[in-house]
Amino acid sequence: MNVDPSRVRAVIVKELREYRRTRFIVWSMAVLPVVFLILPIINVLSLSSTASPSTVKAVVGAAFLFLLIIPVVVPAAIAAYSVVGERDQGTLEPLLTTPVRREELLLGKGLAAIIPAVAVTYALLAVFHITVHLAAASAVVTAVWQLPLFLAEVLFAPLLAGWAIWIGIAISARSSDVRVAQQLSTLASLPVLGLTTLISFQVLQPSVLLAIAFGAGLLLLDACAWRVASVAFDRERLVVGSRRATSHS
């Protein structure tokens with residue numbers, strides 16, 4: 001795939017500027033992740049040293065699942081806006097008529113969504129782990145600080161975000177309404193969390209090998225989602241659709 005890094009960077013910068021002007025995206029990246037962090041911390045810190053192992057396992061599993069929702073929900077909302085939102089604002093056609101290739105546009109839009117989403121996820125995971133280490137009961141600290149779970153968090157965050165982004169872009173490219181695209185993108189992104197649920201709740205005994213195997217599975221799903229987004233991102237159809245939207249407005 002022949003990609004010009006300077007063009008990809010230009011698309012990323014343009015997307016990030018667009019995000020700052022969109023109130024919903026700013027809210028999604030700043031407020032929504034904190035909401036998903038507060039509840040797990042409250043639940044984990046409420047466990048006493050006398051809590052049964054099954055209770056600790058369930059609460060810690062729910063906490064990890066909540067935290068892994070962040071790299072799914074946040075980029076899904078951003079990616080859903082990336083095409084149909086620009087078409088509504090009349091900025092899509094000028095972008096599509098530039099010499100930037102389809103692959104460069106997709107990579108630029110994808111990276112502009114995944115970088116802040118993964119950065120926020122890693123920051124909140126760090127806050128969660130530090131809080132647990134400093135304030136939680138010893139049994140909870142032991143349950144949280146496991147290498148397989150930590151490795152799963154590090155591996156799964158960008159892979160889950162990648163799935164959400166490519167599916168979101170594909171839906172956005174085929175949608176005519178921003179809200180519908182955001183709702184469909186979020187719903188389409190959630191089923192992949194079923195893979196991580198098995199490890200979060202230790203339905204399958206977590207191990208380094210299992211985390212890597214699940215990561216490979218998510219990477220394969222990301223590749224499939226990238227293909228779907230590439231097919232949906234039909235440049236000529238989007239230009240025609242953008243002109244029709246502009247004429248109707």
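Among contacts in the protein chain between residues at least 6 apart in sequence, what share joins residues at least 24 apart? It is 86%. Contact here means heavy atoms within 4.5 Å.

Some ground rules, quickly. This is a predicted model, where local features need pLDDT of at least 70 and side-chain atom pairs count only at pLDDT 80 or more, while totals for chains, interfaces and linings use all residues. Residues are numbered from 1 along each chain as its sequence is written, and side-chain values use heavy atoms, with hydrogens and water left out.

Now the overall picture. The protein chain has 12 helices and 0 strands. Helices are DSSP runs of H or I with at least four residues, strands are runs of E with at least two, and both are numbered from the N terminus. Read from the N terminus, the order is α-α-α-α-α-α-α-α-α-α-α-α. The chain has 249 residues, and 49% of them count as buried. Buried means under 20% relative accessible area, exposed means over 50%, and partly exposed is in between, with a 1.4 Å probe and protein chains only.

Next, the charged pairs. How many salt bridges does a search of the whole structure find? It finds 4. A salt bridge is a side-chain nitrogen of Lys or Arg within 4 Å of a carboxyl oxygen of Asp or Glu.

Take Glu 104 and Arg 7. They form a salt bridge, with the closest N and O atoms 3.6 Å apart. This pair links distant parts of the chain: Glu 104 is in helix 6 (residues 102-135), Arg 7 is in helix 1 (residues 5-20), and they are 97 residues apart. Glu 104 is buried, at 1% relative accessible area. Arg 7 is partly exposed, at 29%.

Then look at Glu 15. Its side chain meets that of Lys 109 in a salt bridge, 2.8 Å from N to O. Lys 109 lies in helix 6 and Glu 15 in helix 1, so this pair ties together parts 94 residues apart in sequence. Lys 109 is buried, with a relative accessible area of 1%. Glu 15 also counts as buried, at 2%. Glu 15 has another salt bridge, to Lys 14, where the closest N and O atoms are 3.3 Å apart. Lys 14 is partly exposed, at 23%. Shared partners join Lys 14, Glu 15 and Lys 109 into one network.

On to helix 9, residues 178-189. It has 12 residues. From first C-alpha to last it reaches 16 Å, close to the 16 Å expected at 1.5 Å a residue. The expected span is 1.5 Å times one less than the number of residues. Which residues of helix 9 are buried? They are Val 178, Ala 181, Gln 182, Ser 185 and Ser 189. Seen down the axis, the buried residues of helix 9 fall within an arc of 100°, so they line one face of the helix. The arc is that of the directions from the helix axis to the C-beta atoms. The face turned away from the buried side carries the exposed residues Arg 179, Gln 183 and Leu 187.

Two of those buried residues meet Tyr 81. Not counting residues up to four places away in sequence, Tyr 81 touches Glu 18, Thr 22, Ile 25, Glu 86, Gln 89, Ser 172, Val 178 and Gln 182. Tyr 81 sits in helix 4 (residues 53-89). It is buried, at 6% relative accessible area. Tyr 81 and Tyr 19 are 62 residues apart in sequence, and their C-alpha atoms are 9.4 Å apart.

Last, the surface. Tyr 122, Leu 147, Phe 150, Val 154, Val 208 and Ile 212 make a nonpolar patch of about 490 Å². Patches are made of residues with over 30% relative accessible area and no salt bridge; like charges are joined within 9 Å, and nonpolar side chains (Val, Leu, Ile, Met, Phe, Trp, Tyr) within 5 Å. Helix 8 (147-174) and helix 11 each supply at least two residues of this patch. Helix 8 gives the largest share, 3 residues. Ile 212 lies in helix 11. It is partly exposed, at 45%.

Note on methods:
Accessible areas come from the Shrake-Rupley method with a 1.4 Å probe; for residues, only the protein chains shown count as cover.
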